[in-house]
Amino acid sequence: VEAHSALLKLSITDAGGQGPDSVGFFWDEIDFSFSSMSGVDSLMSDSASGNNHSVALSGLTRYTDYYFNAYADNLAGRATAASNFSFKTLPDLATIASPTWDGDTLHATITDAGGQGPDATSFVYSASSDWTNPLSQNATHDNGEMAAALTDLDAGKRYYAAARATNIAGTANSDTIDFATP
(Lines give C-alpha, C1' and ligand atoms only; values in the text may rest on other atoms or scores of the structure.)
Protein backbone atom coordinates (compact mmCIF):
# COMPACT_ATOMS: atom_id res chain seq x y z
CA VAL A 1 0.00 0.00 0.00
CA GLU A 2 1.29 3.43 -0.98
CA ALA A 3 -0.21 6.94 -0.86
CA HIS A 4 -2.04 6.57 -4.20
CA SER A 5 -1.87 2.85 -5.00
CA ALA A 6 -2.28 -0.63 -3.56
CA LEU A 7 -1.74 -4.21 -4.68
CA LEU A 8 -4.58 -6.59 -3.77
CA LYS A 9 -3.80 -10.31 -3.71
CA LEU A 10 -5.95 -13.43 -3.55
CA SER A 11 -4.89 -17.02 -3.03
CA ILE A 12 -7.58 -19.60 -3.83
CA THR A 13 -7.21 -22.55 -1.48
CA ASP A 14 -10.01 -24.72 -2.98
CA ALA A 15 -11.30 -24.09 -6.49
CA GLY A 16 -14.11 -26.64 -6.09
CA GLY A 17 -12.66 -29.14 -8.52
CA GLN A 18 -12.60 -26.70 -11.41
CA GLY A 19 -10.35 -23.68 -11.91
CA PRO A 20 -11.99 -20.28 -11.78
CA ASP A 21 -13.44 -18.81 -14.97
CA SER A 22 -12.94 -15.29 -13.65
CA VAL A 23 -11.38 -13.71 -10.58
CA GLY A 24 -11.63 -10.10 -9.50
CA PHE A 25 -11.84 -7.56 -6.72
CA PHE A 26 -14.38 -4.97 -5.60
CA TRP A 27 -13.33 -1.91 -3.58
CA ASP A 28 -14.72 1.37 -2.31
CA GLU A 29 -14.17 4.04 0.35
CA ILE A 30 -17.41 2.88 2.00
CA ASP A 31 -17.82 -0.57 3.54
CA PHE A 32 -20.18 -2.23 1.06
CA SER A 33 -22.25 -5.39 0.86
CA PHE A 34 -22.71 -7.56 -2.21
CA SER A 35 -26.44 -6.81 -2.10
CA SER A 36 -25.79 -3.08 -2.68
CA MET A 37 -22.91 -2.72 -5.13
CA SER A 38 -23.96 0.59 -6.71
CA GLY A 39 -20.90 2.78 -7.31
CA VAL A 40 -18.39 0.16 -6.15
CA ASP A 41 -15.26 -0.13 -8.30
CA SER A 42 -14.05 -3.46 -9.65
CA LEU A 43 -11.12 -4.94 -11.56
CA MET A 44 -10.50 -8.38 -13.00
CA SER A 45 -7.42 -10.28 -11.87
CA ASP A 46 -4.29 -10.27 -13.99
CA SER A 47 -4.85 -14.01 -14.51
CA ALA A 48 -7.94 -16.27 -14.54
CA SER A 49 -5.93 -19.45 -14.10
CA GLY A 50 -4.03 -20.82 -11.15
CA ASN A 51 -4.50 -20.15 -7.46
CA ASN A 52 -2.75 -16.79 -6.99
CA HIS A 53 -4.30 -13.58 -8.32
CA SER A 54 -3.68 -9.86 -7.92
CA VAL A 55 -4.74 -6.43 -9.15
CA ALA A 56 -2.89 -3.14 -8.91
CA LEU A 57 -5.09 -0.22 -7.89
CA SER A 58 -4.00 3.30 -8.77
CA GLY A 59 -5.47 6.77 -8.47
CA LEU A 60 -6.40 6.22 -4.83
CA THR A 61 -6.81 9.10 -2.40
CA ARG A 62 -3.98 9.52 0.09
CA TYR A 63 -4.54 8.62 3.75
CA THR A 64 -7.99 7.14 3.09
CA ASP A 65 -9.68 3.95 4.30
CA TYR A 66 -10.64 1.50 1.54
CA TYR A 67 -12.70 -1.68 1.78
CA PHE A 68 -12.32 -4.59 -0.60
CA ASN A 69 -13.43 -8.13 -1.32
CA ALA A 70 -12.48 -10.70 -3.92
CA TYR A 71 -14.56 -13.05 -5.99
CA ALA A 72 -13.95 -16.19 -8.01
CA ASP A 73 -16.48 -17.53 -10.53
CA ASN A 74 -16.73 -21.05 -11.88
CA LEU A 75 -19.58 -23.28 -13.10
CA ALA A 76 -20.89 -23.68 -9.53
CA GLY A 77 -21.28 -19.89 -9.09
CA ARG A 78 -19.52 -17.02 -7.35
CA ALA A 79 -17.47 -17.36 -4.16
CA THR A 80 -16.48 -14.36 -2.01
CA ALA A 81 -14.98 -13.85 1.41
CA ALA A 82 -17.59 -13.74 4.19
CA SER A 83 -16.74 -10.12 5.00
CA ASN A 84 -14.78 -7.24 3.48
CA PHE A 85 -11.19 -6.43 4.28
CA SER A 86 -9.73 -2.94 4.62
CA PHE A 87 -6.55 -0.96 4.22
CA LYS A 88 -5.56 2.69 4.60
CA THR A 89 -3.44 4.43 2.01
CA LEU A 90 -0.41 6.28 3.27
CA PRO A 91 -0.10 10.07 3.40
CA ASP A 92 2.37 11.99 1.26
CA LEU A 93 5.28 13.92 2.70
CA ALA A 94 4.35 17.45 3.72
CA THR A 95 5.30 20.41 1.54
CA ILE A 96 6.80 23.42 3.32
CA ALA A 97 7.40 26.91 1.95
CA SER A 98 10.83 28.45 2.52
CA PRO A 99 11.20 29.80 6.06
CA THR A 100 11.53 33.44 6.93
CA TRP A 101 13.46 35.12 9.75
CA ASP A 102 12.07 38.17 11.57
CA GLY A 103 15.05 38.91 13.81
CA ASP A 104 14.37 36.42 16.60
CA THR A 105 11.90 33.85 15.25
CA LEU A 106 11.87 31.50 12.27
CA HIS A 107 8.51 31.13 10.49
CA ALA A 108 7.34 28.73 7.78
CA THR A 109 4.06 27.65 6.20
CA ILE A 110 3.11 24.04 5.60
CA THR A 111 1.44 24.40 2.21
CA ASP A 112 0.31 20.76 2.06
CA ALA A 113 0.36 18.50 5.14
CA GLY A 114 0.39 15.41 2.92
CA GLY A 115 -3.06 14.26 4.04
CA GLN A 116 -2.08 13.61 7.66
CA GLY A 117 -0.42 15.43 10.47
CA PRO A 118 2.12 16.77 10.90
CA ASP A 119 2.98 14.94 14.10
CA ALA A 120 6.05 17.11 14.73
CA THR A 121 7.53 20.32 13.37
CA SER A 122 10.95 21.85 13.90
CA PHE A 123 13.63 24.06 12.42
CA VAL A 124 17.20 22.92 11.90
CA TYR A 125 19.90 25.55 11.75
CA SER A 126 23.66 25.87 11.62
CA ALA A 127 26.32 28.56 11.49
CA SER A 128 27.96 26.58 8.69
CA SER A 129 26.68 26.32 5.11
CA ASP A 130 27.81 22.68 5.04
CA TRP A 131 25.58 22.01 8.07
CA THR A 132 28.44 21.18 10.45
CA ASN A 133 27.04 20.73 13.96
CA PRO A 134 23.40 21.49 13.14
CA LEU A 135 21.01 22.40 15.93
CA SER A 136 17.29 21.74 16.09
CA GLN A 137 14.45 23.69 17.69
CA ASN A 138 10.92 22.32 18.03
CA ALA A 139 8.35 24.57 16.41
CA THR A 140 4.80 25.41 17.29
CA HIS A 141 2.35 24.72 14.50
CA ASP A 142 -1.21 25.86 14.10
CA ASN A 143 -3.28 25.78 10.90
CA GLY A 144 -0.16 25.16 8.84
CA GLU A 145 1.87 28.00 10.36
CA MET A 146 5.14 27.06 12.07
CA ALA A 147 7.25 29.25 14.38
CA ALA A 148 10.23 28.85 16.68
CA ALA A 149 12.16 31.50 18.57
CA LEU A 150 15.92 30.98 18.48
CA THR A 151 17.58 32.27 21.63
CA ASP A 152 21.06 30.73 21.41
CA LEU A 153 22.39 32.63 18.37
CA ASP A 154 25.54 34.73 18.35
CA ALA A 155 25.12 38.38 17.39
CA GLY A 156 26.37 39.50 13.97
CA LYS A 157 26.67 35.99 12.57
CA ARG A 158 25.25 34.29 9.44
CA TYR A 159 23.09 31.17 9.94
CA TYR A 160 21.42 28.64 7.66
CA ALA A 161 18.01 27.21 8.44
CA ALA A 162 15.33 24.85 7.10
CA ALA A 163 11.88 23.88 8.36
CA ARG A 164 10.89 20.25 8.95
CA ALA A 165 7.50 18.58 9.26
CA THR A 166 7.05 14.91 10.11
CA ASN A 167 4.02 12.69 9.48
CA ILE A 168 3.82 8.91 9.12
CA ALA A 169 5.15 9.18 5.55
CA GLY A 170 8.42 10.61 6.88
CA THR A 171 10.12 13.96 7.38
CA ALA A 172 9.92 16.72 4.79
CA ASN A 173 12.39 19.60 4.63
CA SER A 174 11.89 23.06 3.22
CA ASP A 175 14.47 24.85 1.13
CA THR A 176 17.38 26.29 3.12
CA ILE A 177 17.58 30.00 3.78
CA ASP A 178 20.40 32.04 5.24
CA PHE A 179 20.02 34.99 7.58
CA ALA A 180 22.19 37.24 9.71
CA THR A 181 21.62 38.04 13.35
CA PRO A 182 21.64 41.73 14.39
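Which residues does aspartate 73 touch, not counting residues up to four places away in sequence? This tour of a predicted model starts with that selection.

**Stop 1: aspartate 73**

Select aspartate 73, which is placed in strand 5. Beyond the residues up to four places away in sequence, aspartate 73 touches Pro20, Asp21, Ser22 and Arg78. With the side chains displayed, a polar contact of 2.8 Å can be found between aspartate 73 and arginine 78. Aspartate 73 counts as buried, because its relative accessibility is 16% and the cut-off for buried is under 20%.

**Stop 2: the largest pocket**

Colouring the lining by residue class gives 13 nonpolar, 7 polar and 4 charged residues.

**Stop 3: the nonpolar cores**

Next, select Ile96, Leu106, Phe123, Met146, Leu150, Leu153 and Phe179. Within the largest nonpolar core, which has 20 residues, these touch the most other members. Two or more residues of this core come from each of strand 10 (105-112), strand 11 (120-126), strand 14 (145-149), strand 15 (158-167) and strand 17 (177-180). Strand 15 gives the largest share, 4 residues. Another core, of 11 residues, lies apart from this one; Leu60, Phe68, Ala70 and Phe87 are among its members. In soluble globular proteins, nonpolar side chains tend to be buried together.

**Stop 4: threonine 181**

Move on to threonine 181, in the segment after strand 17. This threonine is buried, at a relative accessible area of 11%. Setting aside residues up to four places away in sequence, threonine 181 touches Trp101, Leu153, Asp154, Ala155, Gly156, Lys157 and Tyr159.

**Stop 5: aspartate 104**

Now select aspartate 104, in the loop between strand 9 (100-101) and strand 10. Its relative accessibility of 45% makes it partly exposed. The side chain of aspartate 104 forms a polar contact of 3.0 Å with the side chain of threonine 105. Apart from neighbours within four places in sequence, aspartate 104 contacts Ala148, Ala149 and Leu150. For a view across the model, draw the C-alpha to C-alpha distance from aspartate 104 to serine 33: 58 Å, for 71 residues of sequence separation.

**Stop 6: backbone geometry**

Most residues other than glycine have a negative phi, and most peptide bonds are trans.

- The peptide bond between glycine 117 and proline 118 is cis, with omega about 10 degrees; proline 118 is in the loop between strand 10 and strand 11.
- Tryptophan 131, in the loop between strand 11 and strand 12 (135-138), has a positive phi of about 60 degrees. At 25% relative accessibility, tryptophan 131 is partly exposed.
- Asparagine 133 is also found in the loop between strand 11 and strand 12, and its phi is positive, near 50 degrees. Asparagine 133 is exposed, with a relative accessible area of 66%.

Notes:
Residues numbered from 1 in each chain as written. Predicted model: local features only at pLDDT ≥ 70, side-chain atom pairs only at ≥ 80, totals over all residues. Heavy atoms only, no water. Core = buried A, V, L, I, M, F, W, Y, C linked by side-chain atoms within 4.5 Å. Buried < 20%, exposed > 50% of the residue type's maximum accessible area, 1.4 Å probe, protein only. Contact = heavy atoms within 4.5 Å. Nonpolar A, V, L, I, M, F, W, Y, C, P; charged D, E, K, R; others polar. Polar contact = N/O pair within 3.5 Å; in protein donor to acceptor, adjacent residues only side chain to side chain.
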